[in-house]
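This report walks through one protein chain, from its overall layout down to single side chains. Keep the sequence and the structure in view while reading.

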Amino acid sequence: MLAWAGCICYAAYYSGLDAVAGISAGVVVDHGVHGAAGRLFATGDELGRAGAYGLAVACIATCAVLWRRHGVRVLPGAVVSTAACWSFVDSHIFWPRGVFTMLGFALGFALLTTATIRTEESATGTEASAVETGCLTNP
């Protein structure tokens with residue numbers, strides 16, 4: 001539930017950043033209104049920061065669940081993705097740090113995915129033991 005709440009926070013607030021700092025500030029600048037763009041960018045930055053914190057909550061909550069299910073092998077992905085969340089708070093996607101932050105997310109999520117994939121051998125072994133104990137309902 002905490003991961004979903006973080007995702008919703010990220011989606012709402014980070015979209016707000018794009019709307020306020022991207023769309024609104026762009027329209028104000030295009031129409032030559034002086035002084036308003038700075039405040040719109042500041043408001044957008046506050047929205048983006050709240051969204052980035054929501055993403056961090058979602059990421060950490062997800063890593064905690066994965067830790068319980070898969071153990072220590074999720075640690076590298078958890079560390080990399082959490083570090084990317086920390087960097088994302090003020091780097092967004094801007095060069096150069098933001099680009100490396102996005103690469104960090106890609107690497108962290110790839111490591112988490114790799115750590116949680118069951119091999120065919122382990123999946124077959126699990127099914128065999130479930131059949132032996134009578135726990136498998138749909139063979």
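Residues count as buried under 20% relative accessible area, as exposed over 50%, and as partly exposed in between. Ser15 has 45% relative accessibility, so Ser15 counts as partly exposed. The same cut-offs apply to the other residues below.

## Overall layout

The model is predicted. The chain has five helices and zero strands. Along the sequence the pattern reads α-α-α-α-α.

The chain has 139 residues, and 30% of them count as buried. Take the contacts between residues at least 6 apart in sequence: 62% of these join residues at least 24 apart.

## Helix 1

How does the span of helix 1 compare with expectation? Helix 1 has 29 residues, which should span 42 Å at 1.5 Å a residue. Its end C-alpha atoms lie 40 Å apart, in agreement with that value.

The buried residues of helix 1 are Ala3, Gly6, Tyr14, Gly16, Leu17, Val20, Ala21, Ala25 and Val28. They pack against helix 2 and helix 3. Ser15 also belongs to helix 1, but is partly exposed. Its C-alpha atom is 8.0 Å from that of Gly48, a residue 33 places away along the chain. After helix 1 comes Gly32, which has a positive phi near 75°.

An α-helix has 3.6 residues a turn, so residues three or four places apart point the same way. Gly6, Tyr14, Leu17 and Ala21 are among the buried residues of helix 1.

## Helix 2 and its partners

Helix 2 covers residues 36–70. Helix 1 packs on helix 2 at an angle of about 160°, and the two axes are 7 Å apart. Angles over 145 degrees count as roughly antiparallel. Helix 1 and helix 2 are therefore roughly antiparallel to each other. Their crossing is left-handed.

Which way does helix 4 run against helix 2, parallel or antiparallel? The axes of helix 2 and helix 4 cross at roughly 20° and come within 11 Å. The cut-off for roughly parallel is an angle under 35 degrees, so helix 2 and helix 4 are roughly parallel to each other. This crossing, too, is left-handed. On the helix 2 side, Leu55, Cys59, Cys63, Leu66 and His70 make the contact. On the helix 4 side, the residues are Phe105, Phe109, Leu112, Ala115 and Thr116.

## Helix 3

Helix 3 runs over residues 75–91, 17 residues in total. From first C-alpha to last it reaches 24 Å, close to the 24 Å expected at 1.5 Å a residue.

Which residues of helix 3 are buried? They are Gly77, Ala78, Ser81, Ala84, Cys85, Ser87, Phe88, Val89 and Ser91. Their cover includes helix 1 (2–30), helix 2 (36–70) and helix 4 (97–116). Just after helix 3, His92 takes a positive phi of about 50°.

Ser91 sits in helix 3. Its relative accessibility is 5%, so Ser91 counts as buried. The Ser91 side chain reaches the backbone oxygen of Ser87 at 2.7 Å. It also makes a polar contact of 3.1 Å with the side chain of Thr101. Neighbours within four places in sequence aside, Ser91 contacts Arg97, Gly98 and Thr101.

Arg97 lies in helix 4. With 37% relative accessibility, Arg97 counts as partly exposed. Which side chain forms a polar contact of 2.4 Å with that of Arg97? The partner is Asp90. Leaving out neighbours within four places in sequence, the contacts of Arg97 are Trp86, Ser87, Asp90 and Ser91. Ser87 is ten residues from Arg97 in sequence, and their C-alpha atoms are 7.9 Å apart.

Helix 1 is roughly antiparallel to helix 2. Helix 4 is roughly parallel to helix 2. Helix 1, helix 2 and helix 4 are among the elements that cover the buried residues of helix 3. Ser91 and Arg97 are in contact. Ser91 is buried, whereas Arg97 is partly exposed.

Note on methods:
Residues numbered from 1 in each chain as written. Predicted model: local features only at pLDDT ≥ 70, side-chain atom pairs only at ≥ 80, totals over all residues. Heavy atoms only, no water. Helix = DSSP H or I, 4+ residues; strand = E, 2+ residues; numbered from the N terminus. Expected span 1.5 Å × (residues − 1). Buried < 20%, exposed > 50% of the residue type's maximum accessible area, 1.4 Å probe, protein only. Contact = heavy atoms within 4.5 Å. Polar contact = N/O pair within 3.5 Å; in protein donor to acceptor, adjacent residues only side chain to side chain. Axes fitted to C-alpha atoms, helices over the stretch in contact; angles between N-to-C directions. Parallel < 35°, antiparallel > 145°, perpendicular 65-115°, else oblique. Left-handed = near helix turned anticlockwise from the far one by under 90°.
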